[in-house]
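Let's learn to read a protein model together. Take a look at what is shown below, and then we will talk it through.

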Amino acid sequence: ITSANNLIAALLDNHISQGNVLGIDPRRIIWKRCLDMNDRQLRFIINGLGGKVNGMPREDGFDISVASEIMAILCLAKDIDDLKEKVASIIVAYTFEGNPVTAGDIKAQGAVAALMKDALKPNLVQTLGHTPAFVHGGPFANIAHGCNSIMATKMALKLGEYVVTEAGFGADLGAEKFLDIKCRLSGLSPDAVVIVATARALKLHGGVAKADLNNENIDALEKGIENLLKHVENITEVYGLPAVVAI
């Protein structure tokens with residue numbers, strides 16, 4: 001993910017250095033580089049310093065890798081051709097005239113697909129309960145769709161009698177994005193939804209301070225249940241799916 005993301009950034013800068021045929025405005029490049037850790041010092045930087053041979057000086061920055069659009073695309077791609085099509089559609093910058101420039105305009109999709117051909121394959125692991133699981137992809141739920149890859153879920157459905165997959169956090173964020181985005185794009189149709197809650201979270205929603213969450217408080221638990229019931233209502237009434245609550 002990191003290499004593919006930064007490849008697009010490098011191609012952008014190289015295009016500008018090699019004559020800028022597309023007329024990309026260096027002040028309006030919206031594609032950032034990324035690295036697989038959080039470093040606030042690198043969120044906004046100036047690069048391209050050191051003279052003509054080192055590129056065009058411009059403002060840039062780094063995102064954390066899981067926040068990259070490449071991560072979201074990996075998890076929504078049905079196959080390598082679909083991956084290339086989605087990568088080509090990414091808007092990475094704007095021209096001096098204000099027109100969008102895509103990754104396809106700088107011919108990045110083929111090289112990105114070549115880098116990611118093995119990353120497209122779901123990873124089979126074993127849980128602590130000795131059951132098989134695919135761990136594949138992890139886009140943030142607050143800025144992306146917060147679900148694992150379509151390919152991993154479909155592969156699991158072919159290999160197992162039933163499949164449980166995680167969707168972000170909260171039935172008002174993760175579940176909605178799973179149902180509205182991933183299921184629509186993939187054609188998946190879940191048979192049921194498991195809403196996971198903890199007693200500590202319910203007490204927190206009931207007004208208990210974080211320092212006191214380990215203490216028994218039935219009144220706060222009852223108040224916090226109202227929040228949980230809203231999540232259940234969202235699944236059963238809005239989406240019409242049966243819901244199971246696991247605490």
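**Pockets and a helix pair**

By class, 13 nonpolar, 10 polar and 2 charged residues make up the lining of the second largest pocket. Keep in mind that this is a predicted model.

Q: How much space lies in the second largest pocket, and which residues are closest to its centre?

A: A volume puts a number on the space in a pocket, and here that space is about 700 Å³. Of the 25 lining residues, Pro132, Ala133, Phe134, Val163 and Val164 are the closest to the centre.

Q: Which elements each supply at least two residues of that lining?

A: Those are β9 (132-135) and α5. The largest share, 4 residues, comes from α5.

Q: What volume does the largest pocket have, and what lines it?

A: The largest pocket has a volume of about 970 Å³. It is lined by 33 residues, and the closest to its centre are Thr165, Ala167, Val193, Val194 and Ile195. By class, the lining holds 21 nonpolar, 9 polar and 3 charged residues. Helix α6 gives the largest share of this lining, 5 residues.

Q: Now the helices: at what angle do α2 and α3 pack?

A: For a helix pair, we look at the angle and at the distance between axes. Helix α2 (residues 69-76) and helix α3 (residues 80-88) pack at about 145 degrees, with axes 9 Å apart. The crossing of α2 past α3 is right-handed.

Q: Which residues meet there?

A: From α2 come Ile70, Ile73, Leu74 and Leu76, which meet Asp82, Leu83, Lys86 and Val87 of α3. By class, this contact has 6 nonpolar, no polar and 2 charged residues.

Technical notes. Residues numbered from 1 in each chain as written. Predicted model: local features only at pLDDT ≥ 70, side-chain atom pairs only at ≥ 80, totals over all residues. Heavy atoms only, no water. Axes fitted to C-alpha atoms, helices over the stretch in contact; angles between N-to-C directions. Left-handed = near helix turned anticlockwise from the far one by under 90°. Contact = heavy atoms within 4.5 Å. Nonpolar A, V, L, I, M, F, W, Y, C, P; charged D, E, K, R; others polar. 1 Å grid on protein atoms, 1.4 Å probe; cavity = no way out; pocket = protein on both sides within 12 Å on 5 of 7 lines; lining within 4 Å. Points joined across faces, edges and corners; volume = space filled by probe spheres on them.
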